[in-house]
Amino acid sequence: SSIFSTIPTAPPDAILGLTTQFRADRDPRKVNLGVGAYRTSDNQPYVLPVVRRVEEQLASDQSTTHEYLPQDGLKSFCDASARLILGPNSPAIADARTTTVQALSGTGALRVGLTFVARFISPNTNVYVPKQTWSNHRNVVPASGLPPTVDYRYLDSATGQVDIEALVQDLEAAPPRSVILLHGCAHNPTGADPTKEQWMQILDVVKRRNLLPFFDNAYQGFASGSLETDAWSVRAFVDAGLDMLVAQSYAKNMGMYGERVGALTVVASEKGAEDAIRSQLKAIIRAMYSSPPKHGALIVATILEDEKLFKEWEGELTKMSGRINDMRVKLKAALEKIGTPGTWDHITGQIGMFSYTGLTSQQVAFMREKYHVYMTSNGRISMAGLTDDTVQYVADAMKDAVV
Ligand code: PMP
């Protein structure tokens, strides 16, 4: 018999498994609100015109090669990424206390950063994640050589807002040097972000308790439409002079999902460790995948470094986040118009790609089976998957599920 014959089948991924199911569904009315990828008002994948143009330029530029990048990636990309998230006038950049490496999108940045924590802080470090979080956080943490995640309370389900008292209470109880994973903006799946005052309360406990914040910012510019607003939380923590890590992704904000373009930045509270940090990150990357891919990083670096292209990108962000907000307004209106029981204000109150509808897993299953509307079992819908053509159908299905 084969050496492999006893291997058990892994359960399908909570989010990606849905896409498989959706593809197999033959019903013409089917709607995919599962995976968080932007779709146009015609429900098509979107390549940002500015990205397409840079791609064409690069393709015809005879000086670009397919040589390897170093382990830490394209330097111009890393420098521009650090400026983008930390701000061009960041004190940490001015003091040269930052170390940025290219990573395989947001997930890869988390994976490399958490491996770094396991190796150089302690393999016993607890990583605290919000009780409602992106499901892959719970996979990446133990895969990086750390204990399973610990939850901190996050959402007050009665108000749909952040339960700041409970959150702070749970962080107070975390041992010093624990990693606190924070969604920088557009909390996934709840769409509820802390207010600025609440961020300052979180900052206070993190600092007082000597905790290590790890920001996961997968939606900069895509949430509010403003790159500055969506980086506010990260910059507030950097301004407070903390040690911290930041994961960035260009999947959503540049629509570069499949190109796996991201960055990890380690910000140190004191200068001096940069060379050691970089050398260790490079060693981790060397053993994991040797070096990152070049194509996407070149495109992103070109856009970030050119004033005109950058402006054009900002226009795209306004457009994409605007369409998502428009869908929020339309879904809420459609639900209210047909008298769907319950209140639906949270749909427009939430921010980011998703709406946390409050539908139960039974109601989610009902909508999938009867209406072929797909969403994750926690009732999270990707607003970008809705269009003018499907919003009424989805509202009708939701009403049928909740009555
Ligand atoms: N973190 C969060 C909270 C996310 O929602 C996502 C995207 N779904 C990611 C990280 C990383 O995605 P990627 O690896 O495609 O950049």
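## A walk through the predicted model

In helix α11, the buried residues are Gly296, Ala297, Leu298, Ile299, Val300, Ala301, Thr302 and Ile303. That makes α11 (residues 295-305) a mostly covered helix, with 8 of its 11 residues buried. Their cover includes the helices α2 (49-60), α3 (75-86) and α12 (307-337), together with the strands β2 and β10. Please keep in mind that this is a predicted model.

**The sheet**

Two of those covering elements, β2 and β10, lead us to the sheet. It is an open sheet of 7 strands with mixed pairing, and the order across it is β2-β10-β9-β8-β7-β3-β4. At its edges are β2 (98-104) and β4 (150-152), each of which pairs on one side only. From one strand to the next, the twist averages 25°.

Strand β9 shows both kinds of pairing. With β8 (residues 212-217), strand β9 (residues 244-249) pairs in the parallel sense over 4 bridges. With β10, strand β9 pairs in the antiparallel sense over 6 bridges. Some individual bridge partners are listed here:

| Residue | Bridge partner | Strand of the partner |
|---|---|---|
| Asp216 | Ala247 | β9 |
| Asn217 | Gln248 | β9 |
| Ala247 | Leu264 | β10 |

How many residues of β9 are buried? The count is 6 of the 6, so this strand is largely enclosed by the rest of the structure. Both of its faces are covered: one side carries Met244, Val246 and Gln248, the other Leu245, Ala247 and Ser249, and all of these are buried.

**A helix across the strands**

Helix α9 (residues 232-239) lies across β8, β9 and β10 (261-267), and runs at about 155° to β8. Together, β8, α9 and β9 make a right-handed β-α-β unit.

Within this unit, the loop between β8 and α9 holds Gly221. Is Gly221 buried or exposed? A residue counts as buried when 20 or more other C-beta atoms lie within 10 Å of its own. Gly221 has 25 C-beta neighbours inside 10 Å, so it counts as buried. Setting aside neighbours within four places in sequence, Gly221 is in contact with Ser226, Leu227, Asp230, Asn253 and Leu317. Gln201, by contrast, is 20 residues from Gly221 in sequence and 24 Å from it in space, C-alpha to C-alpha.

**Around the ligand**

Which residues are closest to the ligand? They are Ser105, Gly106, Thr107, Trp134 and Ser249, out of 13 residues that surround it. Ser249 is also one of the buried residues of β9. Helix α5 (residues 105-120) supplies the largest share of the shell, with 3 residues. Sorted by class, the shell has 4 nonpolar, 8 polar and 1 charged residues.

**One last stop: His346**

His346 lies in helix α13 (residues 345-349). It has 20 C-beta neighbours inside 10 Å and therefore counts as buried. His346 and Thr190 are 156 residues apart in sequence, yet their C-alpha atoms are 9.8 Å apart in space.

Note on methods
Residues numbered from 1 in each chain as written. Predicted model: local features only at pLDDT ≥ 70, side-chain atom pairs only at ≥ 80, totals over all residues. Pairing = 2+ DSSP bridges. Helix = DSSP H or I, 4+ residues; strand = E, 2+ residues; numbered from the N terminus. Axes fitted to C-alpha atoms, helices over the stretch in contact; angles between N-to-C directions. Contact = placed C-beta atoms within 7 Å. Near = placed C-beta within 6 Å. Nonpolar A, V, L, I, M, F, W, Y, C, P; charged D, E, K, R; others polar. Buried ≥ 20, exposed ≤ 12 C-beta atoms within 10 Å, placed from the backbone. Right-handed = clockwise from strand over helix to strand, strands pointing away.
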